[in-house]
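I opened the notebook to log what I looked up in this chain.

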Amino acid sequence: MKFLKKQYITSFCSAICLALTMIATSCDAVYDDLRPCVTEAELRFIYDYHMERGNAFMYNVDCLTVYIYDSDSKLVEKRIETGSCLADEDWRMRVELPGGDYHVVAYGGMECDKASFEHTGETPAIGSAESSLAVNLKGGLHEGAALGEPLHDHFWGEADLKINTDTDEVDKATVEMRKNTNNIRVVLQHLSGEPVDPDMFDFQLIADNTHMAADNSLVSRGETVYTPWAKGTTAIGLLPDGSELSNAYAQISTSRIVENPGANPRLRVTRADKKAPRAGDSDNTVLDLDLIYLIKLARQQNNVNEMPLQEYLDRESRWSFIFLLDENNNYYSLRIKVNDWEVRINNIEGL
């Protein structure tokens, strides 16, 4: 990566600072009309806000966008890195800025060729306010079936940086990244063991989560219907008669999941047959369940019930929900699988 070396500023300030060593302890303490001396600082980026151990930044973030705001919340520096250095755990981003207090906001995944998110409105320019910084899911990417691949992983992070001019030490700050993209796997299995045809069902995830402000909070823009990026059958074994046991599955990518009592995300599965509902059914709905409630059940069973819910939602990014169907393709019970553990839940009435 090529760093911006403001050599003419650095050399000029070094000369002024040397001349004023016996008069003042900082570059701008006496001559307020002089341009302030720049000082080098280092930014480290980590991703350990997940359910496993260790820093995984170098394995997950393949492009990086960094915005640095001054104490007046105005943008003073922008950096983009797409090089192989991101895979080096010892890599640090070096910046040169005048002494003062700064706030760093970083995004992972936005400068990649397959980026799923973009800035809301114009790209932030030097001098723009931090409050105007926002991102949103690119148009059409919620329609996963048309793409055949999940959302490109998107990360957000922030840190405060204080640059001192009265010391020779390099000022440092660590930007802790959080993952904003999730993958939901929905599996349908017959109690009888009969194969399930995925084309008999439509899978949807409904959520209001496509826009995020500078602090990563969701900005309401209305509900979005996410459809699968992958759909099919998977063999899971053999029945006693030797026939193959297979499930139908759908993989759905979605943006950040946040508990919102007014607009919680929902999982919905309907029968693809659009004919009149079968006898006893009011419509073609197989299940329509509150996703946050399902994730709460996963948190309880995963021995992390003491962890705040939003922390769990931000740390975990992959869930698998296995719904058992009766002979009429109606929902019967649920199994939840997260990473390497699984639990069966029979009673989730009222969802």
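What share of the contacts with a separation of 6 or more comes from residues 24 or more positions apart? I found 65%, with contact meaning heavy atoms within 4.5 Å.

Ground rules first. I am reading a predicted model, where local features need pLDDT of at least 70, side-chain atom pairs count only at pLDDT 80 or more, and totals for chains, interfaces and linings use all residues. Residues are numbered from 1 along each chain as its sequence is written, and side-chain values use heavy atoms, with hydrogens and water left out.

Entry: whole chain. I counted four helices and 20 strands. Both are DSSP runs numbered from the N terminus (helices H or I, at least four residues; strands E, at least two). Of the 351 residues, 48% count as buried, which is under 20% relative accessible area with a 1.4 Å probe, protein chains only.

Entry: sheet. I traced an open sheet of seven strands in the order S3-S2-S5-S8-S9-S1-S4, with mixed pairing. Pairing takes at least two DSSP bridges between two strands. Strand S3 (75–81) and strand S4 (93–98) are the edges, each pairing on one side only. I then checked S1 (residues 38–46) against S9 (residues 171–179): they run parallel, joined by six bridges. Phenylalanine 45 stands opposite valine 175 in S9.

Entry: valine 135. I located it in strand S7 (residues 134–137). Valine 135 counts as buried because its relative accessibility is 2%. Beyond neighbours within four places in sequence, its contacts include Tyr107, Met110, His154 and Met212. Phenylalanine 117 lies 18 residues from valine 135 in sequence and 6.5 Å away in space, C-alpha to C-alpha.

Conventions. Buried means under 20% relative accessible area, exposed over 50%, partly exposed in between (1.4 Å probe, protein chains only).
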